[in-house]
Amino acid sequence: MKLTRKQQKSWSLFWIYAASAFAVLICVFPLYNSILTSLRSGQDLFLTNYVPTTFYWENYVVALVNNGIWRSLLNSVFVATVTVGGCLLVSITGAFALARIRFKGQKGLLFTILCVSMFPQVAVLSGMFELVRLLGLYDSLWALVLSYTTFSLPFTIWVLTTFMRNIPVELEEAAIVDGASLWVIITRVFAPIMGPAMVTTGLLAFIGAWNEFMFALTFVLSGENRTVPVAIAMLQGASQFELPWGTIMAASVTVTLPIVILVLVFQKRIVGGLTAGAVKG
Amino acid sequence: MAQLTLDKLNKTYGESAVVIKSLDLHVETGEFIVIVGPSGCGKSTLLRMIAGLEDITGGSMHIDGTYVNDDTPSERGIGMVFQSYALYPHMTVYQNIAFGLELAGKSKEEIATRVEESARILQLEPLLQRRPKDLSGGQRQRVAIGRAIAREPKLFLFDEPLSNLDASLRVQMRMEISGLHKRLGSTIIYVTHDQVEAMTLADRIVVLQKGNVEQVGTPLELYDHPRNAFVAQFIGSPKMNLIPGTLVKAGQTTSVVRLERGESLTVNVGTPASAEGRPVRLGIRPEHIVWGEGMTDPHYTAEVLFVEHMGNETYLYLDSGDPAEPWVVRNAARSEIDDGAVVGVSMPAEHCHLFDENGLAFERPRQHAPVTSLQ
């Protein structure tokens with residue numbers, strides 16, 4: 001039997017909602033499970049039902065205070081923020097050069113930047129270690145800032161260069177006629193126009209630095225300099241044979257929150273940044 | 001307000017690409033100069049060189065007697081209006097106008113006074129807190145002009161400012177710019193490819209082709225006494241008819257030309273005896289051709305290929321023998337004439353131009369006192 005228009009419509013709506021529900025489930029379940037586990041203790045940890053049974057907040061206190069995760073949180077905030085700041089500063093000036101100034105080897109340079117961003121971390125780990133040692137940064141947070149910036153820059157420069165190419169040259173010339181120096185043009189004309197792109201790439205750099213594990217594990221030795229991912233991995237229970245799941249999950253949830261909040265705050269601008277080319281004079 | 005002198009100005013890209021060739025131009029204080037030419041003639045490059053956005057390869061440029069080749073645009077004291085307006089999209093109209101003043105280190109009060117002053121001149125007061133994206137094309141154009149005015153520049157440069165506007169707005173903005181020039185008395189250099197804009201706005205027009213100045217003069221000077229066939233055809237719409245022929249009899253005040261179709265006619269143009277027997281082209285503007293059905297003594301009879309009815313006037317395209325180059329005739333009134341009719345045509349001797357084989361015009365007698373100033 002042929003469906004009426006109306007039935008067709010509700011049928012397609014049904015599929016849309018079903019597919020959305022499935023996607024949401026896949027995305028949210030791991031996080032939900034962490035939250036659930038972080039609120040349980042003792043034998044409850046190994047229950048297999050998925051409704052909250054207890055609200056054991058003690059896990060959070062244990063994780064943050066007793067295990068010193070708060071210290072690692074501060075480290076992570078420092079590393080990620082400095083990385084983002086440095087990354088944006090270098091990349092917007094770099095993007096200006098690549099997008100606006102003609103020089104020899106420009107294409108090659110841009111291509112190299114793109115290639116570098118494709119290397120797996122593990123491939124450059126030992127080289128980076130040498131570099132960090134050479135600069136005397138071993139076991140310091142600056143080692144992480146350096147390596148994260150290095151890894152975020154290619155993508156950021158690439159995106160910002162593309163953005164900047166879309167900004168009409170006349171806008172820059174109007175600023176020159178207005179008497180603006182190069183620095184003023186970059187900071188007062190280009191940067192605000194590229195705000196969405198900068199927020200998007202900056203946020204990605206932040207998340208990258210926040211979640212990074214391998215460099216953080218390799219370049220930092222002492223406990224007080226650890227960033228969050230490493231600190232969580234190093235969490236130990238009362239005995240050698242116990243994994244403190246509740247505490248680990250509480251710590252994980254805590255470190256996820258800043259990211260979630262950041263994304264929510266900048267939500268609108270991220271969308272703006274992803275729908276590029278919206279810069280019309 | 002200032003004078004501008006360009007002396008043997010050159011622009012080349014790389015080794016071979018010559019864009020501007022040894023260009024001389026002197027612009028008086030308060031003059032409205034329009035640089036006009038087909039696309040790719042170098043007119044925008046020339047304007048950008050004057051602005052300081054483009055390096056000057058050779059020659060010198062003086063503003064008020066000061067050598068400015070190596071000065072930045074703001075040091076030269078120019079204000080520029082761009083084709084795409086180039087307003088800063090993240091700033092309000094007020095901030096757009098104030099930006100240059102701020103960079104020049106003016107005090108807050110002075111900035112406010114100047115912004116309000118230019119907003120008043122351009123009727124932008126109600127728009128000051130809006131952003132460019134909330135403005136119409138004409139309003140954006142006015143903001144762009146306001147931004148230039150606020151800096152009180154010595155020279156105003158306009159780079160095809162009206163080409164992004166629709167036809168009716170273009171006419172309106174043209175009048176506004178013209179009025180602005182009268183009120184401010186500023187020196188303006190204006191680039192366009194539109195000869196109507198050039199004719200209506202300019203005190204003097206500079207016709208540029210392939211980086212060469214073809215002619216500089218008042219609009220009517222260029223219209224009545226084009227120096228060569230290029231200027232003759234570029235100024236005026238529809239363009240001047242050029243009809244190939246041979247000079248059969250030279251003379252001091254009149255000459256006789258035999259057109260390719262065989263007819264001979266006398267024109268009021270003096271030619272040297274040495275030109276006798278040489279190929280020439282006869283030029284006549286569409287509005288000067290006299291035509292009619294059943295004329296008693298026409299120079300020609302020609303078939304009407306097609307007719308364009310504009311309402312207030314009518315254009316006839318007549319068979320000239322060359323299908324690519326029909327003769328265009330403008331009739332200042334409505335006409336009932338139809339395609340395929342055969343009409344008589346005559347070309348009054350006093351309206352004919354004559355160009356030699358290189359396209360250079362033979363001097364025509366000046367029928368009216370030459371227009372020297374349009375104050």
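In the predicted model, α3(A) passes α9(A) in a right-handed crossing, a crossing being right-handed if the near helix is turned clockwise from the far one by less than a right angle, and left-handed if anticlockwise. Helix α3 (residues 69–100) and helix α9 (residues 195–211) of chain A pack at an angle of about 145°, their axes lying 9 Å apart; axes are lines fitted to C-alpha atoms, for helices over the stretch in contact, with angles running from 0 to 180 degrees between N-to-C directions. Helices (H or I, at least four residues) and strands (E, at least two) are DSSP runs numbered from the N terminus. The contact (C-beta atoms, placed from the backbone, within 7 Å) involves residues including A:V79, A:T83 and A:C87 of α3(A) and A:G202, A:A205 and A:F206 of α9(A).

Within α5 of chain A (residues 121–134), the 14 residues should span 20 Å at 1.5 Å a residue, and the end C-alpha atoms are 19 Å apart, which agrees; the expected span is 1.5 Å times one less than the number of residues. A kink of about 35° in α5(A) is centred on A:G127, the bend being the angle between axes fitted to the seven residues ending at a residue and the seven starting there. A:G136, with a positive phi near 70°, follows α5(A).

Between the chains, 18 residues of chain B are in contact with 17 residues of chain A. The largest share of the side of chain B that touches chain A, three residues, comes from α3(B).

Residues are numbered from 1 along each chain as its sequence is written, and chains are lettered from A and ligands numbered from 1 in the order in which they are written. As this is a predicted model, local features need pLDDT of at least 70 and side-chain atom pairs count only at pLDDT 80 or more, whereas totals for chains, interfaces and linings use all residues.

Terms used: Two residues are in contact if their C-beta atoms, placed from the backbone, lie within 7 Å.
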